[in-house]
Amino acid sequence: MAEMQDRFDVIVVGAGPSGNAAAYTLAKEGLNVIQIERGEYSGSKNVQGAILYADALEKIIPEFREEAPLERHVIEQRMWTMDDTSHTGMHYRSSDFNEEKPNRYTILRAQFDKWFSSKVKEAGALVLCETTVTELVKDLTGQVIGVRTDRSGNPIFAKVVILAEGVNGLVGQRSGLRDEIAPESVALAVKEMHFLPRETIEARFNLRGNEGVVIEAMGTITKGMTGTGFLYTNEESISVGIGCIVSDFAESNVTPSQLLEAFKAHPSIAPLLEGSEVKEYAAHLIPEGGYKAIPRLTGDGWIVVGDAGQFVNAVHREGSNLAMTTGRVAAETVVALHRRGEEMDALALKDYERRLEATFVMKDLRKYKGIPALLHANKGTFFGAYPRLISQAMQTWFRVDGIDKKTKEKAIFRNFRETRSVWGMLGDAWRVARAWR
Amino acid sequence: MHIVVCIKQVPDSAQIRVHPVTNTIMRQGVPTIINPYDLFALEEALRLKDTLGATVTALCMGPPTAAESLRKALTFGADRAVLLTDRYFAGSDTLATSYALSMALGKIGADYGTPEIVFTGKQTIDGDTAQVGPGIASRLNLNQLTYISRIVETDLERGTITVERRAETGTQVLATKLPVLITMLEATNEMRRGSIEKALEAARAEIVTWSAADVGIEDLAKCGLRGSPTIVKKVFAPSARSEKAEMIEAEGNLEARANAVIDALFAKAPAVEDDLYAQAVHHYV
């Protein structure tokens, strides 16, 4: 009898942004949903910078701004290329971002995810924490019909399983649906939370009220590896972190903590953190292989969403919005099939992929499909040589030392030419332009 | 048999942050857990349930969010969860807490049967007083067994219980009549992991929620801040220990060196030697 009762419409594996988006959407449409999370609560295992992109969440919970724990809305984006002593920045700041419904927010994931999870429960999903899904259960035809967990007892059965299990995709791997994630397709990022009084943050970053700043940085800070650093302003803290491709770490012998320490000590970063107290540190993997690294997304009775599907746009530092969007679209696919009383087999679930094609998720990932490999293959050039050249050029250009500007121009150009050659630079430009299309 | 286990939801002390600016404890965003000492009490109750077929009720006084801790208790294997929550309880010290809990235990007795055993943990990690358990016992006139390390025997026919109580100088074996209140020592058992069926049941379960009025509290002056004579005079960080580390010189084979270390420890704490000796006798004789 218990077994009959425990057959659900949908099992969602994982309670991160993609799993919560899926479970919420399904439960709200009246489906019988169980969400299984290995952590003590939603958010206890989750790590992100973190920026929340409003649009993706708005499409799921339109009134989220009234309730969700948000830190600051972002009004200024700073993009830096750095060498060891300087940075060259492009900043965009606009009071237009002080709009009624701001576009981007900094958030603290532990709090945000807890809130999102409370909405999932309110919508009527059964949320089971501290339970790890170990494998998928299949029937004789290979159709996934449920999951086994690390708790004793019977499997949990459902018509379809949504795998929102995160970057490693362990359940998918164990069940033979996908390969282990390649070290070239995943970044390891470390971050720290630095506490400062809000007045200090506001004075230091030229902010008022809940305005916030985002700094994204690349250059010699990654010691020749493919990666970026970041610094985000929260209400009373600063998130600072850096991440690089795992295979680069393996080759370089640089540890993530060394990298973060050096980044924090950089003369452009150190004054921003001065006097702060570190209260938290965290590390996480980020899938950065892009379009080409996307595993199989659907099969008989299963769908993959979020990080598990490599849904991260590394170029634009977007991930949680892709996660929420794929979670929502997967849920909408399942709801439609459920309403029509259709089987959740591979053929029917393929509709999820068709729906995704129409969203920014697939369009953006396809647009940048060549970028991850290009940057990785030329990491010395893009993360070392060019940042150095740009810094040196700026130094030459702005230093007033009695040398005439024409001579300075020539010196700058000579420096570029000697380091990268004219054909090399043209080639880089062409390759980037082609990969960017 | 009916067993009630009193549990408390506490902030996870490993994850508490002190606000760097105001120097106050930041409760917001700090995860909560079941007071770790209470888990030993709950597991002991569940073991009695396994062997004697008891019904286990988990009782918690706290804010509405404490329902999560009760749900966890259900996942472990408790049969029923009761949440005592009311804004009048805010700011309760041990006197007010034991009063409110004893009133709730009265209603539990009336509604679900008088419990033969009421369990609490040794103490909580946020209060560290170890007073609430004894407070409940004296209010309800229960025999109290504190700092219990083992339940030796429960004889329901004769209505007696025999337990081991760890004292500084050794282990006492005590026998008394039911009903009793037991405060359970730490590291006396290991909490089980509930089955998937239990976890599903817990996730769906209705938590019984009672207010002050529901449990028959008429005099609100006995509750919360008003009913709490304890005054916190000062909060300060403890100073570092003044005792210096000591180097123990030892030579010879492994056994000789181990003995040298043990001798040095026993010289400092003779009670530990007595205690270990008593336990060894218990196990091997």
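**Entry 1: helices α10 and α11 of chain A**

I looked up which residues of α10(A) meet α11(A): Thr326(A), Val329(A), Ala330(A), Glu332(A), Thr333(A) and Leu337(A) touch Ala348(A), Leu349(A), Asp351(A), Tyr352(A), Arg355(A) and Leu356(A). Two residues count as in contact if their C-beta atoms, placed from the backbone, lie within 7 Å. By class, this contact holds seven nonpolar, two polar and three charged residues. Ala, Val, Leu, Ile, Met, Phe, Trp, Tyr, Cys and Pro are counted as nonpolar, Asp, Glu, Lys and Arg as charged, and the others, Gly among them, as polar.

I note that the model is predicted: local features need pLDDT of at least 70, side-chain atom pairs count only at pLDDT 80 or more, and totals for chains, interfaces and linings use all residues. Residues are numbered from 1 along each chain as its sequence is written, while chains are lettered from A and ligands numbered from 1 in the order in which they are written.

I then looked up the geometry. The axes of α10 (residues 320–339) and α11 (residues 346–357) of chain A come within 9 Å and cross at roughly 140°. Axes are lines fitted to C-alpha atoms, for helices over the stretch in contact, and angles run from 0 to 180 degrees between N-to-C directions. Helices (H or I, at least four residues) and strands (E, at least two) are DSSP runs, numbered from the N terminus. α10(A) and α11(A) are therefore oblique to each other. Angles under 35 degrees count as roughly parallel, over 145 as roughly antiparallel, 65 to 115 as roughly perpendicular and the rest as oblique.

**Entry 2: helices α2 and α4 of chain A**

I found α2 (residues 17–28) and α4 (residues 109–123) of chain A packed at an angle of about 20°, with their axes 8 Å apart. That makes α2(A) roughly parallel to α4(A). Among the residues that meet here are Ala23(A) and Tyr24(A) in α2(A) and Phe116(A) and Val120(A) in α4(A). The contact has six nonpolar, two polar and two charged residues.

**Entry 3: domains**

I recorded three domains in chain A: domain 1 (2–70 + 107–179 + 295–367), domain 2 (184–287) and domain 3 (371–436). Such bounds come from an automatic or database domain assignment. The C-alpha centres of domains 2 and 3 of chain A lie 25 Å apart. In their contact, 10 residues of domain 2 of chain A face eight residues of domain 3 of chain A.

For chain B the assignment gives domain 1 (2–222) and domain 2 (238–285). Their C-alpha centres lie 34 Å apart. The contact takes four residues from domain 1 of chain B and six from domain 2 of chain B.

**Entry 4: the sheet of chain B**

I traced an open sheet of nine strands with mixed pairing, in the order β11-β10-β9-β12-β8-β1-β6-β7-β13. Two strands pair if DSSP finds at least two bridges between them. β11 (170–177) and β13 (208–210) of chain B stand at the edges with a single partner strand each, so one side of each has no neighbour in the sheet. The twist averages 30° from one strand to the next. β10 (residues 160–167) of chain B pairs with β11(B) in the antiparallel sense over eight bridges. Thr162(B) stands opposite Ala175(B) in β11(B).

**Entry 5: between the chains**
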